[in-house]
Amino acid sequence: MPERSREAKPDRPLTAPEVDRTRRARRAFLQRASAAALTPLLVAVVGAGSCASPTAIRVDIYTELDCAIDAEVSLTVSSDLAGLPERAPSATSRGCVSPGRVGDVVIAPAEGDDKQLAYAVATRQDVAPVEECLQTPMPADCIVSRRQLRYSPNDELKMRIDLRLSCLGVACPAEQTCVKGRCIDAEVSPEQCMQECGEDTLEEGPGGDGPDPDGGTTEIEVIDAELIARLASDALSVPRFAPLTDGFAAAWISPDMANQAVRVQKIDAQTGPVGAPSPPLSSRPTIARHLLGYDGVNLGLLVADDVLYFHILDTQGSEIAAGMGQEPATLAGHDMPWSGNRYAVLAQIAQYIPSHSVMLHALDGQNTAAEYAHFCQDCAPMAVAWNGARFGITWHKESQGSFISVSEAANGTAPVVVCDACEGGHVAALPGAFGFAYQVGTPARIYYAQLDEAGNVVAGPHPVSPDDGQAYRHARTITTASGVRLVFFSRPSGTVSPLFVARVGADAQVVTPVARIEGVFVADDQYEVSVHEERVAVGWRGREDAPDPSAPPDGAHIALVSASAVP
């Protein structure tokens, strides 16, 4: 058969590169190209020298990024996975040929029909060069998918690449690729790609033996905290946190001879506990609850037995102004956020029972409670957060989760029911909005929704915890300085239980699979989280080892986790 050119019809105009080995020019996607091991550029091949079927690999590329942002997508080819970071992109493209589909590219060998090759497809959300996505460390806004295989002589192998949001910012080792948020081996065999092979093929492995014998259930990934330390072996409470300019302050209740008292310790964001805990503070026969806040200069410590006592401390925990008893009240919630002018405190004040209120304190050492806003009766207040403009408050009553936002002047929006037949809940600040995590269903699962400042759901709710028949409870949520949204929750299984974390996106959907934090085992609902820039402090009453289900808590602990460590 005479030699002739073979050109498939493209979905859109595709430009072959000039064969110029003196520079690494950026190029549009090729319809047929070479990936010779020592050739720095893809080379267009216009002919096939026999009547046999061509030897090639067709890669069809899909993306979950919004096509409207016209994100650049690159394909880089090397002889093996380890060599990819040293190569320039072999082809690039922008936009989509149809919703969610970038287009396809055909790779062919310059010589040899059974050579090994590796390739990476990368994209990113911003306008920075996509080439940086293959470097270490990988930028947080990149999505990268890798493959390694051999050509199959006289066969055109068909491969599908999905650039998923669950892989946004997930940096895998060189020999692995991200699939649905987790890192797995990037090698496939040619035999697996005679029909189109995609993510499912990678999950089977290069041997193609199918899913695991346990029914294909994905094992939950384990991540390591950068630091774990025990704050106190005699702690009677979970540590409460206040984020400082250089880390955190932690406060917990401990015995003080015949009384109970609060101790405070500074936590460096990088190295952990600084010095020794403070002397006993606010010592009294019993302490029902305590909250900690930071006004940008000093710490505020609020302690409750039958009445409330407020203390002003420096960041090391030394007392500046002694607490004075205020009206009888019962504290609630997890946090005492500072707006720049006032602290917000959730409490049930004796004179207003059965109502719960948010007290907006102008705490200047005079312990003045400037404003009150009553928001529910016979309810279970849960959490409060400040988003830079308003306080957002969530609570639970009669199997409904509700929300209200309140200004510094105690002007509140109308209460909004966010979820029915739900339990628990926690709120985190977002720019002009709030994130809300809660549990619902039997067995209980954790859900996340994004709310506007009036409490209207604008994204979600979507499930966060696994759908594996296990019960997950006690949700907390935070937002880092860069906007990373994290949801924490436990799986009660004994006196102490493992703690899990998942990352969610602006659409309230899980971006990465759930991960368990190694060395964190919490007593029932006795943990708190706080954030300083991109560092997360997890404080809990429980244990650091994987215990027998009946093992009791052995103190108050802290773990420091980098948001980038969450897959």
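Reply: Start with the backbone oxygen of Asp-80, which lies 3.4 Å from a polar atom in the side chain of Ser-78. This is a predicted model, so every value here is computed from predicted atoms. Ser-78 belongs to strand E3, which covers residues 72-78.

Is Ser-78 buried or exposed? Ser-78 is buried, because its relative accessible area is 5% and buried means under 20%. Now look at what surrounds Ser-78. Setting aside residues up to four places away in sequence, Ser-78 touches Gly-83, Leu-84 and Arg-87, and also Leu-117 and Ala-118.

Compare that with Asp-524. Asp-524 sits in strand E37, residues 515-532. Asp-524 is exposed, because its relative accessible area is 54% and exposed means over 50%. Which residues does Asp-524 contact, leaving aside neighbours within four places in sequence? They are His-474 and Thr-495. With His-474, the link is a polar contact between the two side chains, at 2.8 Å. Asp-524 and Ser-497 are 27 residues apart in sequence, and their C-alpha atoms are 7.4 Å apart in space.

Next, the backbone. Most residues other than glycine have a negative phi, and most peptide bonds are trans. Some places in this model go the other way.

Take Ser-282. Ser-282 is not a glycine, yet its phi is positive, about 55°. Ser-282 lies in strand E17, residues 281-284. Ser-282 counts as buried, because its relative accessibility is 8% and the limit for buried is under 20%.

Asn-154 also has a positive phi, about 65°, and is not a glycine. Asn-154 is found in the loop between E7 and strand E8 (156-163).

Now the peptide bonds. The bond from Thr-136 to Pro-137 is cis, with omega near 0°. Another cis peptide bond joins Thr-442 and Pro-443, with omega about -5°. Where is Pro-443? Pro-443 is in the loop between strand E31 (433-440) and strand E32 (445-452).

To recap, go back to Ser-78. Ser-78 is buried, and a polar atom of its side chain is 3.4 Å from the backbone oxygen of Asp-80. Asp-524, by contrast, is exposed, and its side chain makes a polar contact with that of His-474.

Methods. Residues are numbered from 1 along each chain as its sequence is written. This is a predicted model: local features need pLDDT of at least 70, side-chain atom pairs count only at pLDDT 80 or more; totals for chains, interfaces and linings use all residues. Side-chain values use heavy atoms; hydrogens and water are left out. Helices (H or I, at least four residues) and strands (E, at least two) are DSSP runs, numbered from the N terminus. Buried means under 20% relative accessible area, exposed over 50%, partly exposed in between (1.4 Å probe, protein chains only). A polar contact is a pair of N or O atoms within 3.5 Å; within protein, one must be able to donate a hydrogen and the other to accept it, and residues adjacent in sequence count only if both atoms are side-chain atoms. Contact means heavy atoms within 4.5 Å.
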